[in-house]
Amino acid sequence: MPLKFLNLLLFFLLLHHHHHHQTSADVGTAAYYGPPYLPTVCYGDDPSQFPADNIFAAAGDGIWDNGACCGRQYLVRCLSSSPESCIADQTIRVEVINQASMLDSNPSLNGTTMTLSDAAFLQIANKSSPVINIEFTQI
Ligand SMILES: *[C@@H]1O[C@H](CO)[C@@H](O)[C@H](O)[C@H]1NC(C)=O
Ligand SMILES: *[C@@H]1O[C@H](CO)[C@@H](O)[C@H](O)[C@H]1NC(C)=O
């Protein structure tokens with residue numbers, strides 16, 4: 001019994017630690033998509049939630065978190081792609097406004113970690129590849 005309790009305690013401590021220190025970066029993939037950007041799963045038909053510069057993202061299943069991902073912000077950097085399309089030393093900050101599987105326009109690839117708006121994608125890569133490998137950090 002005491003051992004089980006300690007394990008449980010350790011588990012919650014680790015969980016706590018994880019949730020409060022989200023500075024470590026993850027790797028994944030990103031595609032891009034264009035208009036129409038409305039409606040969104042997060043905000044319906046309300047365009048007032050859009051970042052003014054159109055730098056936003058739709059969350060793939062891996063980070064969607066049952067909708068809790070709406071409004072989350074990520075720093076995203078292009079790591080590599082084939083053919084090479086990354087713009088060197090560029091990091092963008094995107095806000096999640098939609099669910100990637102529910103987009104009204106077709107993304108350049110289905111099933112990526114996140115799908116970036118055209119404007120967001122073009123800040124870190126040109127469109128010579130439909131998908132890029134990314135490093136991303138929730139902020
Ligand atoms: C995209 O960027 C890569 C790497 O900088 C470059 O080699 C390639 O020519 C670019 N492609 C287009 C279509 O601009
Ligand atoms: C993504 O999935 C949609 C819906 O199934 C499909 O119409 C579209 O062709 C797919 N896009 C790509 C790039 O495979």
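Select Ser81: leaving aside neighbours within four places in sequence, Ser81 is in contact (heavy atoms within 4.5 Å) with Cys86, Ser129, Val131 and Ile132. This is a predicted model, in which local features need pLDDT of at least 70, side-chain atom pairs count only at pLDDT 80 or more, and totals for chains, interfaces and linings use all residues. Residues are numbered from 1 along each chain as its sequence is written, chains are lettered from A and ligands numbered from 1 in the order in which they are written, and side-chain values use heavy atoms, with hydrogens and water left out.

**Stay on Ser81.** Ser81 sits in the loop that links strand S3 (73-80) to strand S4 (91-99). Strands here are DSSP runs (E, at least two residues), numbered from the N terminus. Ser81 is buried, at 12% relative accessible area. Buried means under 20%, exposed over 50%, and partly exposed in between (1.4 Å probe, protein chains only). Now show Pro83. Its backbone oxygen lies 2.7 Å from a polar side-chain atom of Ser81.

**Step to the strands.** Colour S3 and S6. They pair in the antiparallel sense over six bridges; pairing requires that DSSP find at least two bridges between two strands. Pick Ser80 and look across: Asn133 in S6 stands opposite.

**Select ligand 1.** Which residues are around ligand 1? Glu84, Ser85, Asn126 and Ser128 are, each with a heavy atom within 4 Å of the molecule. Zoom in on Asn126: one of its polar side-chain atoms lies 2.4 Å from an oxygen atom of ligand 1. On its own, ligand 1 exposes 360 Å², and the protein buries 33% of that. Accessible areas come from the Shrake-Rupley method with a 1.4 Å probe. The shell splits into no nonpolar, three polar and one charged residue. Asp, Glu, Lys and Arg count as charged; Ala, Val, Leu, Ile, Met, Phe, Trp, Tyr, Cys and Pro count as nonpolar; the others, Gly among them, are polar.

**Finish at ligand 2.** Display Asn106, Pro107, Ser108 and Asn110, the residues around ligand 2. The protein covers 37% of the 360 Å² of accessible area that ligand 2 has on its own. How does this shell divide? One residue is nonpolar, three are polar and none is charged. Last, centre on Asn110, where a polar side-chain atom lies 2.4 Å from an oxygen atom of ligand 2.

Technical notes:
Polar contact = N/O pair within 3.5 Å; in protein donor to acceptor, adjacent residues only side chain to side chain. Helix = DSSP H or I, 4+ residues; strand = E, 2+ residues; numbered from the N terminus.
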